[in-house]
Amino acid sequence: MTLIIDCHGHYTTAPPQHDAWRDAQKAAFKAGDTPPPYPAISDDEIRETIEANQLRLLKERGADMTIFSPRASTMGHHVGDEAVSKAWARASNDLIARVCDLYPETFAGVCMLPQSPKADLQGSIDELERCVTELGFIGCNLNPDPGGGHFAFPALTDRYWYPFYEKMVALDVPAMIHVSGSCNPALHATGAFYIAADTIAFMQLIQGDLFRDFPTLRFIIPHGGGAVPYHWGRYRGLADMLKQPSLDTHVMNNVYFDTCVYHQPGIDLLAEVIDTKNILFGSEMVGAVRGIDPQTGQYFDDTKRYVDALPVSAAQKHAIFEGNARRVFPRLDAKLKERGL
């Protein structure tokens, strides 16, 4: 039997006290004050938010587990300074850890990082190590543009990032390349900033030679890879023009796309263009597109039904639903093997 592992889930339904504390933290920073203590949140309050939302929908849609992280749009790395980001990341990751402890068979944790535009990556390195070694997390979300929509940061192939990559490799965890909210009014967060950042990240990897230095580094580019699969010929051609090796060997041993593409033709294209070994099932549920598609009568983010309908073999569907996630997230594989799965 194939496990249905959703590689892309966010705690978008966190208890209201958590978000209220964030608002108070931001207000305190603006006023030059100390934020209030983080509020007490009971296990029952967490259960209420999870069981009425993610857990219910997982069961209804036929999935088994979710790789779960804090809400991406509220990571807000451009807000405040590094101290603000550190406190917010720690509180958010601790909340994810509590969800995973309450539902260990259903949720596996992925951490946000306390990135900040004017800071180095030591705080992020420390938080990644804490979350993996102390909280049992299996990966992280890495923001390639912590400035919030101005793309003024070094490319992902720049040596600025190398200390963090070294820690990822040492811990054997992947990163999902995921931006946060946009402070640029010209970029809608989920419709423009997310997709642009996904696409930009892939092009940066083509232009550089990151995986020669880090051959075991693994990235998931979400939202179906942004515009990449649709423009696959463009990127193959650009790699050739730049005198880079074939994409198959240059980046695609280290880069994976999820299935957060909210219609059947998009999933069909993804599966036709991108090798099965590079596709992980994901829904981003409950996430950016929550409504019902009037053309199908089904929820846009019920992405399992799109994969079910793909004209591919049972072995390929097993890889998309389970096998690839276990390979990309070896700490998840170890957890599942401990459970006899």
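Contact here means heavy atoms within 4.5 Å. Helices (H or I, at least four residues) and strands (E, at least two) are DSSP runs, numbered from the N terminus.

Before going on, note that this is a predicted model, where local features need pLDDT of at least 70 and side-chain atom pairs count only at pLDDT 80 or more, while totals for chains, interfaces and linings use all residues. Residues are numbered from 1 along each chain as its sequence is written, and side-chain values use heavy atoms, with hydrogens and water left out.

The buried residues of H5 are Gly123, Ser124, Ile125, Glu127, Leu128, Arg130, Cys131 and Val132. Buried means under 20% relative accessible area, exposed means over 50%, and partly exposed is in between (1.4 Å probe, protein chains only). H5 runs over residues 122-133, and its end C-alpha atoms are 16 Å apart, which agrees with the 16 Å its 12 residues should span at 1.5 Å a residue. That expected span is 1.5 Å times one less than the number of residues.

Leu128 turns up again in the largest nonpolar core, which has 72 residues; Leu128, Leu142, Phe164, Tyr165, Phe202 and Phe219 touch the most other members. Such a core is a set of buried Ala, Val, Leu, Ile, Met, Phe, Trp, Tyr and Cys residues joined through side-chain atoms within 4.5 Å. Leaving out residues up to four places away in sequence, leucine 128 touches Cys111, Leu113, Gly139, Cys140, Phe164, Lys167, Met168, Leu171 and Val173. Another core, of 17 residues, lies apart from the largest one and includes Cys7, Ile67, Ile138 and Met176.

**Aromatic rings**

There are 18 aromatic pairs in the structure. Rings of Phe, Tyr and Trp (its six-membered ring) pair if their centres lie within 6.5 Å; planes under 30 degrees apart count as stacked, over 60 as edge-to-face and the rest as tilted. Phenylalanine 151 and phenylalanine 193 make an edge-to-face pair, 5.7 Å centre to centre with 75 degrees between the planes. This pair links distant parts of the chain, 42 residues apart: phenylalanine 151 is in the loop between E4 and H6, and phenylalanine 193 is in helix H7 (residues 189-207). Tyr162, Tyr165, Phe211, Phe214 and Phe219 form one aromatic cluster.

Here is how accessible a few residues are:

| Residue | Relative accessible area | Class |
|---|---|---|
| Phenylalanine 151 | 33% | partly exposed |
| Phenylalanine 193 | 0% | buried |
| Lysine 243 | 73% | exposed |
| Glutamate 284 | 4% | buried |

Most residues other than glycine have a negative phi, and most peptide bonds are trans. Lysine 243, not a glycine, has a positive phi of about 60 degrees, and it lies in the loop between helix H9 (232-241) and helix H10 (247-250). Glutamate 284 also has a positive phi of about 60 degrees; its place is the loop between E8 and H12. The peptide bond from methionine 285 to valine 286 is cis, with omega near 0 degrees. Valine 286 lies in the loop between strand E8 (279-280) and helix H12 (304-308).
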